[in-house]
Amino acid sequence: MKTDFLALPDDILLSIDKPERYIGHEVNAVIKDPDKVDVRFVMCFPDVYEIGMSHLGIQILYDMFNAFEDTWCERVYSPWVDLDRIMREKHIPLFGLESQQPVKDCDFLGITIQYEMCYTNILQILDLAQIPLLAKERTWDVPIVIGGGPCTYNPEPIADFFDLFYIGEGETQYRNLLDLYKECRAREATREEFLHLAGRIPGIYAPSLYETTYKEDGTIASFDPLYEDLPRKIRKEAVTDLSDTYYPMKPVVPYIKCTQDRVVLEIMRGCMRGCRFCQAGELYRPVRERSPEVLKKYAMEMLKNTGHEEISLSSLSSSDYTHLPELLDFLLAECSKRHINISLPSLRIDAFSLDVMSKVQDVRKTSLTFAPEAGSQRLRDVINKGLSEEVILAGAKEAFEGGWTRVKLYFMLGHPGETVEDIYGIGDLANKIAALFFETVPKDKRVNGKVQIVVSTSFFVPKPFTAFQWAPQCTKDEFIEKAYTCRQGITQQLNQKSIKYNWHEADVSVLEGVLARGDRRLGDVIRRAYEKGCFYDAWSEYYHHDKWMEAFAECGVDPDFYTIRTRGDDEIFPWDFLSCGVNKDFLLKEWHRAQRGEVTPNCSEKCSGCGAASFGVGICFTARS
Amino acid sequence: MFVRIKFSKTGAIRYIGHLDVMRYFQKCIRRAELDVAYTGGFSPHQIMTFASPLGVGLESYGEYMDVKFVTDIPCEEIQSRLNAVSVPEIRILDVTRLPENAGNAMASVAAAEYRIEFREGRVPLCLTSDGLFSTSAAGKALAGFLGKEEILYEKETKKGSRTLNLKDGIFAFDVTEEEGGALHLLCDASSAGNIKPSQVMEALVSFYGEELMEHALLVTRLELYTRDGQGKLIPMNRVGQDEETV
């Protein structure tokens with residue numbers, strides 16, 4: 001096919017911001033002959049190119065699909081607001097970056113759903129692609145729209161817009177789904193029949209084939225499949241051997257600088273910590289590691305194939321990777337020869353990590369990050385965050401001795417049972433760290449003579465499949481009050497001049513909470529908000545809280561029902577028909593333990609019987625120390 | 001060793017901005033595993049200088065960058081190894097070893113050569129006859145334009161506008177014999193007197209009482225020139241070769 005063809009004419013490309021977002025042609029982008037493949041798959045991240053291109057999951061699936069000889073997988077991202085306007089005006093259909101051909105002519109549109117605030121962008125994608133927004137209005141003339149990613153663990157608010165959802169890790173069942181699709185198309189089966197058969201594949205959920213009834217109080221009475229041969233419970237898919245699966249040796253290299261402008265090496269999946277607020281910590285259980293031999297090979301090959309000048313280790317808690325010293329020794333040796341930086345997010349601050357960081361960061365010592373998440377030990381026990389003040393102070397002391405002068409502290413406000421004292425604890429802790437600096441570092445050795453502590457708070461939003469899924473969320477006013485209390489607590493401190501405080505906006509957190517634990521009745525609200533012009537809600541400059549509230553009112557849906565209500569122990573949740581491997585009984589036990597302030601040991605200390613052992617792999621089966 | 005690398009930038013890649021082209025080549029050199037030299041200091045970067053930046057949307061067959069390598073590598077090998085890891089729209093056309101005394105790519109640019117075409121339906125009237133581009137009409141228009149004492153152009157700057165005289169910076173401006181109609185321009189591209197083809201074209205049409213239509217021009221850069229010891233314009237990659245032949 002002619003590679004010079006671009007979907008957008010010069011006039012448009014010359015008049016929009018960053019035309020590079022829309023032209024494809026990147027290094028390692030896969031071009032196939034459309035006449036020689038059976039399945040055209042378009043993979044979408046519903047946000048702007050620079051964000052979407054930074055996402056590892058899409059790169060993994062892109063690599064997997066294109067490894068299938070009968071399939072061509074392309075990418076598409078949300079057109080930015082400037083191009084969006086032009087595409088609507090001129091009726092230009094959304095196109096895949098590789099072929100520059102309309103998405104609507106492909107077989108599948110796969111959308112990864114990473115955060116709730118992108119729901120309206122999903123509608124933008126469908127709308128620009130000229131695909132009916134509602135799944136029930138679609139025919140074989142348009143692609144099968146399938147969703148994946150963390151938000152599909154409660155897909156109900158967006159169930160109306162999807163033909164299928166893939167629950168869990170994408171590496172395992174897509175081949176079966178594509179084979180079924182080919183078979184159905186060959187024998188001219190109806191779209192409904194295909195969806196029905198797809199719904200019998202493990203991990204695949206066909207939302208149109210399930211029905212919800214509600215009680216008078218608005219909670220769910222029942223949730224049932226329309227056909228007996230469909231599963232009542234859909235269990236997530238998980239990769240059993242992470243060292244023997246798809247991984248992109250030749251990731252696409254963007255021209256423009258993206259959020260993640262580096263090789264990303266996923267060292268393990270899952271997290272053993274069990275923080276009660278954290279959804280990822282439950283969804284990706286059990287902890288599974290990649291072998292260091294495989295990772296060394298991947299690292300070198302990916303660096304060669306991309307030419308990136310940085311490599312980043314990716315996982316939920318890299319310090320827990322058992323082969324970390326071995327892997328880092330290797331990378332330090334290889335990367336220093338090649339002028340390649342190593343970036344190490346999610347490392348616990350201790351002597352080992354500081355030593356490693358001082359080796360990779362050369363002389364420039366950037367800031368160190370701690371995430372205590374709560375200001376007092378009492379509340380850290382409630383949320384099961386196994387990070388004590390002693391550990392934080394010991395880490396900070398080591399860091400100050402090592403020459404670091406900037407410390408970032410992350411907290412959440414609004415945990416269940418949080419008191420004013422807990423919030424004041426944030427200021428106290430920041431002050432202690434600042435005081436420690438002045439104690440530890442003699443006057444003549446202080447770079448610029450001072451220390452900078454940056455405290456950031458976000459507002460806690462309870463998520464499905466966590467111990468806090470029963471918990472009430474704070475109201476907007478409560479959130480703002482808490483942020484005010486936190487600021488007040490900081491300004492009272494002796495070292496307040498060394499402490500800077502940032503907090504997030506409350507409106508977005510309220511909406512995020514509604515969508516996170518919402519049900520199917522929210523579909524109308526999301527569509528109404530979109531029709532009122534809401535999209536790019538994740539970008540504060542484009543977030544219109546008033547339009548969202550109008551949409552709720554017009555649809556007769558009360559947002560408070562989903563947020564500030566305490567849910568009873570026996571309530572049926574919209575996501576109960578899914579299983580991430582962690583049982584609801586276990587989460588309920590954790591919710592009760594949280595209320596009593598009891599900590600639960602992490603997976604390496606003791607198995608608490610969450611249920612993830614049913615996958616038969618990972619930390620559940622390795623010897624404990 | 002310093003080499004001067006000549007490359008083309010065509011097709012879809014014309015929309016990649018100058019800074020991103022630099023980042024592209026940094027990654028390209030690493031993919032080719034070439035032994036590039038780095039600066040010292042806290043944040044080492046590849047020793048690499050680009051000649052005159054190319055505007056977004058323009059194609060070029062005459063882009064240059066100078067790169068320093070630690071070890072001696074045959075020029076042909078650099079060319080083939082870079083081409084092997086480059087996208088089809090960016091081709092390494094030539095690699096020349098630079099003599100010790102050559103100025104850097106950025107500073108020594110003297111002139112640039114362009115082909116100027118017009119998007120469909122946007123040919124300025126002064127270059128047409130019966131609604132189509134006409135070689136003879138265009139020839140007459142250029143002759144009249146170049147015959148002026150001075151060619152004034154209002155340049156919009158941050159501090160308001162400034163009047164430039166383009167006359168001395170236009171070294172050659174004529175009509176090509178290409179099908180469909182095109183102009184050929186050789187103009188000053190030095191840091192002191194850089195002229196853009198769009199400025200020359202705006203001055204031309206305004207001399208005939210017209211305005212350019214939006215995005216009317218399709219400009220292709222053909223070559224960048226530097227000056228030899230005698231002050232004669234030579235392509236950037238011919239630098240130092242006269243001395244060798246003498």
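Predicted model: local features only at pLDDT ≥ 70, side-chain atom pairs only at ≥ 80, totals over all residues.

Colleague: Which helix of chain B has the lowest mean pLDDT among its elements?

Modeller: pLDDT is the predictor's confidence in each residue, from 0 to 100. Chain B averages 91, and 98% of the residues score at least 70. Helices here are DSSP runs of H or I with at least four residues, strands are E runs of at least two, and both are numbered from the N terminus. Helix α2 (residues 75-84) of chain B has the highest mean, 98, and the lowest, 51, belongs to helix α5 (residues 241-245) of chain B.

Colleague: What radius of gyration does chain A have?

Modeller: The C-alpha atoms of chain A fill a box of roughly 75 × 65 × 55 Å along the principal axes. The radius of gyration is taken over C-alpha atoms, and the globule rule is 2.2 Å times the number of residues to the power 0.38. For 625 residues a compact globule would come out near 25 Å, and chain A agrees with that because its own value is 25 Å.

Colleague: Which residues touch the most other members of the largest nonpolar core?

Modeller: A nonpolar core is a set of buried Ala, Val, Leu, Ile, Met, Phe, Trp, Tyr and Cys residues joined through C-beta atoms within 7 Å. Buried means 20 or more other C-beta atoms within 10 Å of a residue's own, exposed means 12 or fewer, and partly exposed is in between, with C-beta atoms placed from the backbone. The largest core has 232 residues, and the ones touching the most other members are A:L164 and A:A430. The element that gives the most to this core, with 8 residues, is helix α14 (residues 420-440) of chain A.

Colleague: How many residues does each chain put into the contact between chain A and chain B?

Modeller: Two residues are in contact if their C-beta atoms, placed from the backbone, lie within 7 Å. By that count the contact takes 26 residues from chain A and 22 residues from chain B. On the chain A side, α1 (10-13) and α9 (292-306) of chain A are the elements that give two or more residues.

Colleague: How far apart are the centres of the two domains of chain B?

Modeller: Domain bounds come from an automatic or database domain assignment, which gives chain B domain 1 (2-107) and domain 2 (111-227). In their contact, 10 residues of domain 1 of chain B meet 9 residues of domain 2 of chain B. Their C-alpha centres lie apart by 29 Å.

Colleague: Is B:F145 buried, partly exposed or exposed?

Modeller: B:F145 sits in helix α3 (residues 135-146) of chain B. Not counting residues up to four places away in sequence, B:F145 touches B:L204 and B:F207. Because B:F145 has 18 C-beta neighbours inside 10 Å, it counts as partly exposed.

Methods: Residues numbered from 1 in each chain as written. Chains lettered and ligands numbered in written order.
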